[in-house]
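The structure is shown first.

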Amino acid sequence: MGHPPVPNPGIRVVSAAGSPVTPGSASSGRGPGPGPGSGGGSTLLTGIGELTTNVPGGPGTGDGDPTGLVTDAVVLLDGGRVAWAGPAREARDAVAHALDGRAPDATVDVGGRAVIPGFVDSHTHLVFAGDRAAEFEARMAGRPYEAGGIRSTVAATRAAPDDVLRAGLARHLGEAARQGTTTVEVKSGYGLTVADEERAVRLAREATPEVTFLGAHVVPAEYAGRADAYVDLVCGDMLAACAPHARWVDVFCETGAFTPEQSRRVLEAGAAAGLGVRVHANQLGPGEGVRLAVGLGAAAVDHCTYLIDADVAALAGSWSRAAPDTAPGTGATSGAEAVAGTVATLLPGVEFSTRQPYPDARRLLDAGAVVALASDCNPGSSYTSSMPLCVALAVREMRMTVAEAVWSATAGGALALRRDDVGHLAPGARADVVLLDAPSRVHLAYRPGVPLVAAVWKDGVRLLPR
Ligand code: NIG
Ligand code: FE
């Protein structure tokens, strides 16, 4: 490596207007203040000790490495996209070619630190009010987690004005951005009336294009004993009001929430309204949800804690339509063939916070399933927005390798959202880039709880530090 790591070296802006900046100065918000070394123009990141591209076979990568790791690397961002990524030794010609001989607008020497694609958090519930700290405290004292706790957040959310929900969403998204999340999915599901669900997806849509309609989260109290009538509402007026703001439909298929038959109705109605399918299933016990999701061609089925062999086989088999060079484990995130299957999205923050057994990631990976990691950030089962924590838990508790966990939190999340423009750093991909204050990505698991995100670029604009 040409650039040995330096303790807290800061970001040295080698050529740009403005004074040098130091990581860690951002305290709140996610405002896109351009700052030195960023903007819609071009930024050359040099001195990258270890670059995760998630592009197998890209310049400077090792044979058969799905994470496309490059040491002593350079990344060029231009016009909001990655223009080139590869080894420093090839950079001079490649950068000159990519910029048609122009000099980059800014060059930033990152001093030997590690760079990864921005995290893709494909599962959150961030439109809510209130918290459930007392429920968490009681759970830590021995009370089990139950799906019914959702109803207390429903009451607080219904009572909250739009601005309170909007401010909470912005606060949590800012928190996520400071931890390296550059793409985030947000679900409704704490409204459970036509008006409250419509409001939730509308507010979510102000913040992200990845909006999921989860009217079928639980049966609300006013429909107790009349679950089928509630499903009629979800599939009728509620879907009609929400579909224009949403990209996805989701259902909680679980004992205490919705049966497989009810779940199928909701998902088929959503699909008929033009929404993509994703499912919460097999979180609290075994059931038919995973196979239902695969059968309906869902992009992802999330939780996957209690699986039987047929579930694992269905998840792995869902990728058999993919072309050989885009099969699971290759890390490929571009090309239509790569989006055929159903991703198993694991949410280790839930098991951490509910003291449930962690899902068996090795069983899924070894069977050839595609695994994503997401935060499930919500006030009940997993009140963390931290993708670095999810990576650390996946490595420590679920026996994923660091490479697998980082891939699953970036490229895996992109596949779970059927996005080919994020989760990897190849020419043409979105310039969503995270600089770690560490010499390697291993530190994400090795140094749990430590704020390791030194800088974040989103669409080529430096969000942090501001
Ligand atoms: O993904 N499983 C269902 N929904 C959420 C929990 C929501 C809550 O407890 O408020 C989840 O874990
Ligand atoms: Fe969830």
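## Ligand shell

By class, the shell around ligand 1 holds four nonpolar, eight polar and one charged residues. Nonpolar here means Ala, Val, Leu, Ile, Met, Phe, Trp, Tyr, Cys and Pro; charged means Asp, Glu, Lys and Arg; the others, Gly among them, are polar. In total 13 residues surround ligand 1, the closest being Ile 150, Phe 252, Asn 378, Gly 380 and Ser 381. A residue is near a molecule if its C-beta atom, placed from the backbone, lies within 6 Å of it.

## Model and numbering

This is a predicted model: local features need pLDDT of at least 70, side-chain atom pairs count only at pLDDT 80 or more, and totals for chains, interfaces and linings use all residues. Residues are numbered from 1 along each chain as its sequence is written, while chains are lettered from A and ligands numbered from 1 in the order in which they are written.

## Helix pair

Helix 4 (residues 162-178) packs against helix 5 (residues 194-207) at an angle of about 40 degrees, with the axes 10 Å apart.

Asp 162, Leu 165, Arg 166, Leu 169 and Leu 173 of helix 4 meet Arg 199, Leu 203 and Ala 207 of helix 5 (contact: C-beta atoms, placed from the backbone, within 7 Å). These contact residues comprise five nonpolar, no polar and three charged.

## Overall fold

The chain has 14 helices and 18 strands (DSSP runs, H or I of at least four residues and E of at least two, numbered from the N terminus).

Technical notes. Axes fitted to C-alpha atoms, helices over the stretch in contact; angles between N-to-C directions. Contact = placed C-beta atoms within 7 Å.
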